[in-house]
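This report looks at a few selected residues of one chain. Please keep the sequence and the model in view while reading.

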Amino acid sequence: MTVQSKHVRIKGIKDGLVFLLDDKCPFEDLLSELRYKLEHSHQNILTGPIVHVDIKLGSRSVSEEEKEAVLDILKSQGNLLIRSVEALEEPGDKDTDALFMVSGMIRSGQVLHHEGNLLFLGDVNPGGSITCTGDIYILGALRGMAHAGVGGNEESIIAASLLSPTQLRIADVISRPPDEWGTRESSMEFAYLSSGAMQIDKIHNIVKLRQGLNVFKGV
Amino acid sequence: MGEAIVVTSGKGGVGKTTTTANIGTALALQGKKVCLVDTDIGLRNLDVVMGLENRIIYDLVDVAEGRCRLNQALVKDKRFDELYMLPAAQTKDKTSVTPEQVKDIILELKKEYEYILIDCPAGIEHGFRNAIAGADKAIVVTTPEHAAVRDADRIIGLLEQSHVESPKLVVNRIRPGLIKTGDMLDIEDILQVLNIDLIGIVPDDELVIKAANSGEPTVMNPDSAAAIAYRNIARRILGDAVPLMQLDKKPGAFKKLKKFFGMG
């Protein structure tokens, strides 16, 4: 039996071996090739003194079980001592700048919560709420309650195509229309905190607040 | 196999029972075999509106608990041979039946009847879950008031999470005069918030109150504007494309006149 030896590469380094496991192929193929190499084609490295082994899984994101499966195959060979396993960590919340997109309709009594920044396509009706640890952008009408910066981020903003909420909250600041804002012509607006007070502005003025944004300046 | 439609609203007093009675009667008027089911256990009203209170022998709870057969509990209408009603119990409460029991009863009725209209109690608790358990479709009744629209929105949210197909809206007790002066919610405004299909608008009509008190559904009275509205809803349920009622009759006629003279 011959196996295309593409997925598993074994390299010798000064004080042991490095197993470079391909991160594109199906995980099952990886396992079977690893098994084949250890049991058949590379028998020679398995006889002899104890060897330190580093495993590199590339940019593949693996679960604990999958990691265990790889280790089990290597452990079945007596003289391989696993020193380290390197793999991409579980996709975590590191990427907090990313926008998470949800669409639908938040009706009275319903709550949508998200950790991070949220782009919501749809309406938030009176009695419904949308809460978020970061910014909230609503492509639709905000008629219910929106709370951005849950947990205390005062930099957060709330933007909506139609900003006519029952209440707005950013971090710990609570505000309600209309006595504090007056009536405005309808266009996409956003709410932000300016020295602790809720302010409303047109969406194109967001650049003044967020210096870091990619700004389109025309071509 | 018939179709089970639950009539619900969340808020009380918007006209669920009146709507159930009238749409049901209107469907019977069109020659359909119809059964009305009252799931408002403990606060039954449908029998009173239909004028059938004194004919009740057994009720929904009796059927659920096996004290009688389903057919024994059904009350035949006094006007139509093909219209029946399954009354709710008045002496028990909502928890005396389970959604599964109601579902079984509705399933049984669907074999026999073309349309089953389920009158739902107000609220979103056990009674609501009982009422929607066997339903295929839903009609949400609201009135042009913020509170009623808010509750309708809540109910639509709950219906969307359930097995019930896309709910249809009835806006009840409309007073065109008040809408015109801006003192009542516009139908457009309601639709914008609720975002579901409209199946009918019913004008506020004193004859409805009169009819309910005499146990004779309004729909029987062709002089009543609400009766026409309910008949239209029934026809839409049957699949006819009936245009929405022109509520503001006088200005409408005037406009036509203006148009005729090239002024509009």
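Buried means under 20% relative accessible area, exposed over 50%, and partly exposed in between, with a 1.4 Å probe and protein chains only. The model is predicted: local features need pLDDT of at least 70, side-chain atom pairs count only at pLDDT 80 or more, and totals for chains, interfaces and linings use all residues. Residues are numbered from 1 along each chain as its sequence is written, chains are lettered from A and ligands numbered from 1 in the order in which they are written, and side-chain values use heavy atoms, without hydrogens and water.

B:Gly15 sits in the loop between S1 and H1 of chain B. Helices (H or I, at least four residues) and strands (E, at least two) are DSSP runs, numbered from the N terminus. B:Gly13 lies in the loop between strand S1 (3-8) and helix H1 (16-29) of chain B. B:Phe128 belongs to helix H6 (residues 126-133) of chain B.

| Residue | Relative accessibility | Class |
|---|---|---|
| B:Gly13 | 60% | exposed |
| B:Gly15 | 13% | buried |
| B:Phe128 | 3% | buried |

Contact means heavy atoms within 4.5 Å. Neighbours within four places in sequence aside, B:Gly15 is in contact with B:Val141 and B:Asn172. With the same exclusion, the contacts of B:Phe128 include B:Thr8, B:Cys120 and B:Leu159.
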